[in-house]
Amino acid sequence: MNSLESNEVAINLKLFKLFRFYHIFYPYSEKLCNFNVYHLAWYIINCVIGGIIIYGLLGHFTEMEDDIDIIFYIQILFCYLLYSLSLLKIITFLYKANDIWDLLSVTRINFLTSTQCQAHIGILHKHRSKSIQITNVISGFGIMTTLEWILFPLVLWLLPKTNANGSNQRFENIFNFRFPVTISEYNNNYFIFYIMESSIAVFMLYVYVVIDVFFISVCYVIIAQYEIIKRAYESVNCEQSPKNNNENKNNCNLNDCYDDLISILRDQQKHYAKLKLFYSTYKLIIVSTVVINSGSIIILTYASVVIFISSETIPIFSVAKLISAFAYMFFVLFFLCYLMERVNNKIESVQLGMYSCNWTAMSIKTKKLLLLSMRMHNANKLMIKTTPNKIINLQLFNSVMMTSYNIVSAMLNTRSH
């Protein structure tokens, strides 16, 4: 298969090619010793970033000259959560690159081939435009948030109140990892440690943001495809003429109706197979993203309350960092829960589309086929859950927001007493 073009698919392929993300699962990318060069590059990047992370952890197991407060511990915990999820995401995509490439076929404009489905292809184009706009906005917001975190330490470093010779504290860095070195060694070699933490920030930006927007793009395609299938069922028409001399015409219409249902059913089953592939590939990522994003929102909420009720002066940049990180986590978790609920609702709506067709005018043979289609649809329902009873939807998002609100209320009430 040749490389896909942007006008052939309903995802933001131009963005994924620009970030060289598409080439991770493109089977005909450049090879080195029969290995995809992008896979080899990511294996090396993972080892380097992992080494920096481990080196930054060593300071927690050795006695250090300086102490750090609760805000720095929260910031480091937030970073470790993001890194863990980023590592899980990129390893999953590297391991399941062939499945991702197979999954991309569902994003093709001509994936649903029946005449009835193609008659409603405008729905897919509409969702494609919306998906491209949203993924561009989220990508831009993620880049701006990361740049804010990266540039913040440089702004503080340029302020005249501190210098490498007289400071008894480490200079502010992006994540403030506890590298096992003395204060003077850290400050005198600040830019080395700054570059190390910058590489971690760029790594997490790339993996976290690009895989998030890829998920959003595919979800919009699945939603659009199910809407098309629903409309296709609704448009099946088996009108019979009341005149006896039109018997041959009636038989022709009934046969066409049966053939239409067969072609739509084939498209539906083909789409269901891709949905199973999507869930099997993304299930662990989706559940982990929900759990870690939810935990990150709660952690950032706690950190924000600690900052605002603290009697110490907090730099405005620290507040801006927390707000931007909270906003990104908020929007990504919202879109994930929102899209999963939309997918579940669209799957349910296909059943309504089957009922909405002109089934009273169908022949017995066609009615049996429609009934079989309904039973197959009921049997082929997939839902991703965080627990056996908790579905990923907007209700889950509301629960996370309520937990954050309860934390704020509890802390404010405790302080007031």
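## Stop 1: Arg20 and its loop

Select Arg20, in the loop between helix H1 (13–18) and helix H2 (22–25). Helices here are DSSP runs of H or I with at least four residues, strands are E runs of at least two, and both are numbered from the N terminus. This is a predicted model: local features need pLDDT of at least 70, side-chain atom pairs count only at pLDDT 80 or more, and totals for chains, interfaces and linings use all residues. Residues are numbered from 1 along each chain as its sequence is written, and side-chain values use heavy atoms, with hydrogens and water left out.

Check the backbone of Arg20. Its phi is near 60°, a positive value in a residue other than glycine. Arg20 counts as partly exposed because its relative accessibility is 40%. The cut-offs: buried is under 20% relative accessible area, exposed is over 50%, and partly exposed is in between (1.4 Å probe, protein chains only).

Now jump to Asn176, in the loop between helix H7 (122–158) and helix H8 (183–188). Phi of Asn176 is near 60° too, again positive in a residue other than glycine. Is Asn176 buried or exposed? Asn176 is buried, with a relative accessible area of 11%.

## Stop 2: the whole chain

Zoom out. The protein has 13 helices and four strands. Of its 417 residues, 51% are buried. Color by surface next: the accessible surface is about 20,300 Å², and 61% of that belongs to carbon and sulfur atoms. These areas come from the Shrake-Rupley method with a 1.4 Å probe; for residues, only the protein chains shown count as cover.

A contact means heavy atoms within 4.5 Å.

## Stop 3: helix H3

Select residues 37–57, helix H3. What span should its 21 residues have? At 1.5 Å a residue they should span 30 Å, and the end C-alpha atoms are 30 Å apart, which agrees. The expected span is 1.5 Å times one less than the number of residues.

Go to the start of H3. A side-chain oxygen of Asn36 reaches to within 2.8 Å of the backbone nitrogen of Tyr38.

Next, show the buried residues of H3: Tyr38, His39, Trp42, Asn46, Ile49, Gly50, Ile52, Ile53 and Gly56. They cover an arc of only 160° around the axis, which puts them on the same side of H3. The arc is that of the directions from the helix axis to the C-beta atoms. An α-helix has 3.6 residues a turn, so residues three or four places apart point the same way. Turn to the other side of H3, and Ile44, Cys47 and Ile54 are exposed.

Stay in H3 and center on Ile53. Ile53 counts as buried because its relative accessibility is 5%. Which residues does Ile53 touch, not counting those up to four places away in sequence? They are Tyr80, Tyr83, Phe177 and Ile200. Ile53 and Ile200 are 147 residues apart along the chain, yet their C-alpha atoms are separated by 8.2 Å.

## Stop 4

Select Ser86 in helix H4 (residues 70–95). Ser86 counts as buried, at 0% relative accessibility. Leaving out residues up to four places away in sequence, Ser86 touches Phe203, Met204, Val207 and Tyr208.

Then select helix H9 (residues 190–234). Its 45 residues reach 66 Å from first C-alpha to last, close to the 66 Å expected at 1.5 Å a residue. H9 is mostly covered, with 38 of its 45 residues buried.

## Stop 5: Lys274

Move to Lys274 in helix H10 (residues 247–309). Lys274 counts as buried, at 13% relative accessibility. Beyond residues up to four places away in sequence, Lys274 touches Asp102, Leu103, Ser105, Val106 and Phe111. The C-alpha atoms of Lys274 and Asp102 are separated by 8.3 Å, though the two are 172 residues apart along the chain.

Show side chains here. Lys274 makes a side-chain to side-chain polar contact with Ser105 (3.2 Å). A polar contact is a pair of N or O atoms within 3.5 Å; within protein, one must be able to donate a hydrogen and the other to accept it, and residues adjacent in sequence count only if both atoms are side-chain atoms.

## Stop 6: cysteines

Finish with Cys117, buried with a relative accessible area of 1%. Cys337 also counts as buried, at 1% relative accessibility. How many disulfides are there, taking a pair of cysteine sulfur atoms within 2.5 Å as the rule? The count comes to zero.

Note on methods: A disulfide is a pair of cysteine sulfur atoms within 2.5 Å.
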